[in-house]
Each structure stands twice: as C-alpha cells, then as structure tokens.
Amino acid sequence: YHYTMDNNDRHDRLRELEALKDMFASSQGSARFELGLQLADSLISTADYAWAQSIIEDIRPLAPDQERAALLSLRLGRINLRLSRYDQAYHYLGQALSQLAGSPESLDLFMVYHDLSWMFYRQGQIAKARSYLEGAELVLDMRSDREPGIEQALADILHVSALIEASSANHDLALNLLEDERRIRQRLGDSDRLASVYNKIGGIHQAKGDMIKAFDYLCRALDIATHCGDRFREAVVLKNLGEVHHSLGDLEQAEDCYARSLSLSSEIGNRLGQAFAQGGLGRLEISRGHYPQAEEHLLSALEIVRQMNYPDRESSLM
C-alpha cells in the first residue's frame with residue numbers, strides 16, 4: 001500500500017510555511033499574535049517543538065484576553081505532552097482549564113479536556129482518562145451538531161475512546177470506533193490525522209496476532225506521516241513496524257525500523273520514544289544471542305524511564 005499526496009499539495013504546504021514565517025517576522029500587535037499562533041501550529045505538526053515554543057513565548061505578552069492566552073497554554077501543554085513531559089503538560093493544560101473557566105461551551109475547552117484524557121491514557125491512568133474524556137463530551141453536548149469544528153471534535157473523541165478501549169483489550173470495539181473516526185477524517189480531508197488512525201488500527205491487529213493486517217495499516221500510517229512531515233508520528237510508527245518485523249523473524253528490517261525511530265525521537269527530543277526504540281533494539285539483540293549489546297540498549301532505556309518516573313515501563317524493562 002502506498003499513500004500518495006499530490007506533489008502540488010506538498011509544495012503548497014512549504015510555500016504556506018515560508019509565507020507565514022515572512023509575515024510573522026514583519027508583523028506587530030494583534031496581527032503578530034494571530035500569525036504566531038498559526039506558525040506555532042505548523043511547527044508543532046512537524047515536531048519542531050523548540051521553535052514552536054519560542055514563538056509562543058514571543059507572542060505570550062500580546063494575548064488580548066484570557067481566552068486567547070489559553071490557546072498558548074493549550075499548545076504548550078500539547079508540546080510537553082508529545083515530549084512525554086507529563087508534569088509540565090499537566091501544568092500548562094491546567095492553566096488553560098482555569099483560563100477557559102468562563103467559556104463552558106468553548107471548543108478550546110474541549111481540546112483541553114481531550115489532551116488531559118490523552119495524557120492520562122499515555123500514563124496508564126485509565127480511570128482519569130475516562131473522566132476527562134467525559135468532560136470533553138459534556139462540552140460537545142452544549143454545542144450544535146451543525147457548527148464548524150464539531151465533526152473534527154467528534155473524530156477526536158472517537159480516537160481517544162478507541163485508545164482507552166484497546167488498553168482494556170476491547171479490541172473489536174476499539175476497531176469499530178477507529179473505523180468511524182477514519183470515515184470522518186476522510187470526509188473532512190484530514191489526511192494528516194489518518195496516520196494516527198492507521199497506526200492505532202495496526203497496533204490493535206498486532207495485539208490480536210494478525211501481523212499481516214498490522215503490517216498493512218502501519219505501512220499506510222508511515223507513508224502518510226512521512227509525506228506530512230510529522231516526525232513524531234513517523235517515529236512511533238517505525239517503532240511499531242520494528243515490532244512487527246521482529247515478530248515475523250525479519251531481524252534486519254526490525255533493526256532498521258528501531259534505529260530510525262531512535263534517531264527521529266532523539267532529533268525531536270522525545271525521550272520516551274528513545275526509550276521504546278532502545279527497548280526494541282535490546283529485545284532484538286536478545287533474539288540474536290548478543291547479550292552484552294542487549295543489556296546496553298536495555299540499560300539505556302531503563303535510565304531514561306527512571307529519570308522520567310515511568311514505573312510501568314521501568315518494570316517491563318527490568
């Protein structure tokens with residue numbers, strides 16, 4: 001399977017990014033704030049987190065009110081969430097929650113609840129993840145089904161719901177939720193987010209032992225993430241592909257995927273991604289009977305997760 005993004009579309013994205021940079025550099029006041037917000041979003045989508053954070057800090061004094069300031073807190077929370085810096089992510093998302101207290105129907109408030117749910121899911125705290133997801137759903141209940149952005153929000157709800165169900169081994173339900181999400185994303189032309197959908201579908205098939213389907217969906221996810229320049233998602237998918245190749249006995253391909261995932265995770269500063277890739281390389285060397293090399297990789301991963309206070313991952317590595 002090969003996803004094909006129109007080359008004109010890719011060139012348009014690059015031109016838009018360059019135009020944003022130029023306009024931001026010469027802007028002032030409220031225009032600078034809005035352009036900075038757009039530029040930060042573009043940079044976050046390509047995992048240029050340090051640059052995005054510097055833009056946000058630059059425009060923070062220009063926020064005209066609490067609601068606009070909340071947009072910056074939300075994005076800082078999302079950056080730290082992607083980098084698995086959960087304490088910092090919780091700080092900024094909690095700040096956004098407070099700033100949006102007077103806007104109970106805001107889709108920005110929806111996104112804060114959504115990101116908090118995703119954060120607790122990633123930490124393995126499923127009860128809290130469900131609780132914050134309910135908060136996100138309550139915000140949507142106050143909105144009209146015909147408003148702009150509602151379908152996108154519904155797709156986001158479906159995705160996190162699927163993650164939570166998959167973590168409880170409710171695989172068939174999770175796949176149904178992801179299929180509903182896929183249909184919405186395709187109808188909206190939201191190709192960027194399809195990489196995440198296909199990655200999760202592949203992961204569920206992998207958990208069910210169907211490596212052929214897992215490989216197919218992960219290849220779709222990798223193709224999309226690569227074309228969209230989403231290095232965060234590309235690193236995640238490569239790690240998962242490494243696991244599939246390893247299960248199928250193709251150790252050279254597995255090593256290549258793990259190594260590429262490690263390189264990308266290091267490049268964007270995702271330490272948890274580095275730990276996952278190092279763990280994969282360690283298990284790979286065990287399969288080869290190369291125990292000193294395996295121990296080196298596993299100890300490197302263990303050091304990272306201990307520094308991050310990630311006990312579940314620490315115990316599995318030990």
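1. Start with the largest nonpolar core. It has 39 residues, and F110, V112, M119 and V305 touch the most other members. A core here is a set of buried Ala, Val, Leu, Ile, Met, Phe, Trp, Tyr and Cys residues joined through side-chain atoms within 4.5 Å. Two or more residues come from each of α4 (66-82), α5, α6, α7 (126-141), α8 (150-167), α14 (271-288) and α15 (291-307), with α6 giving the most, 9 residues. Helices are DSSP runs (H or I, at least four residues), numbered from the N terminus.

2. A word on the source: this is a predicted model, where local features need pLDDT of at least 70 and side-chain atom pairs count only at pLDDT 80 or more, while totals for chains, interfaces and linings use all residues. Residues are numbered from 1 along each chain as its sequence is written, and side-chain values use heavy atoms, with hydrogens and water left out.

3. Back to F110: beyond its neighbours within four places in sequence, F110 is in contact (heavy atoms within 4.5 Å) with A136, V139, L140, A153, D156 and I157. There is also a second, separate core of 31 residues, with A155, L175, Y217 and C257 among them.

4. Now the aromatics. Rings of Phe, Tyr and Trp (its six-membered ring) pair if their centres lie within 6.5 Å; planes under 30 degrees apart count as stacked, over 60 as edge-to-face and the rest as tilted. The structure holds 5 such pairs. Y90 and F120 are edge-to-face, because their planes sit at 75°, with the centres 6.1 Å apart. That pair links helix α5 to helix α6, 30 residues apart. F120 is buried at 6% relative accessible area (the cut-offs: buried under 20%, exposed over 50%, partly exposed in between, with a 1.4 Å probe and protein chains only). F120 also stacks with Y132, at 5.5 Å centre to centre and 5° between the planes. Y90, Y113, F120 and Y132 make up one aromatic cluster.

5. Y90 itself, at 42% relative accessibility, counts as partly exposed.

6. Worth a look: N240, in helix α12 (residues 231-247). Is N240 buried or exposed? At 9% relative accessibility, N240 counts as buried. Leaving out residues up to four places away in sequence, N240 touches N199, Q206 and L218.
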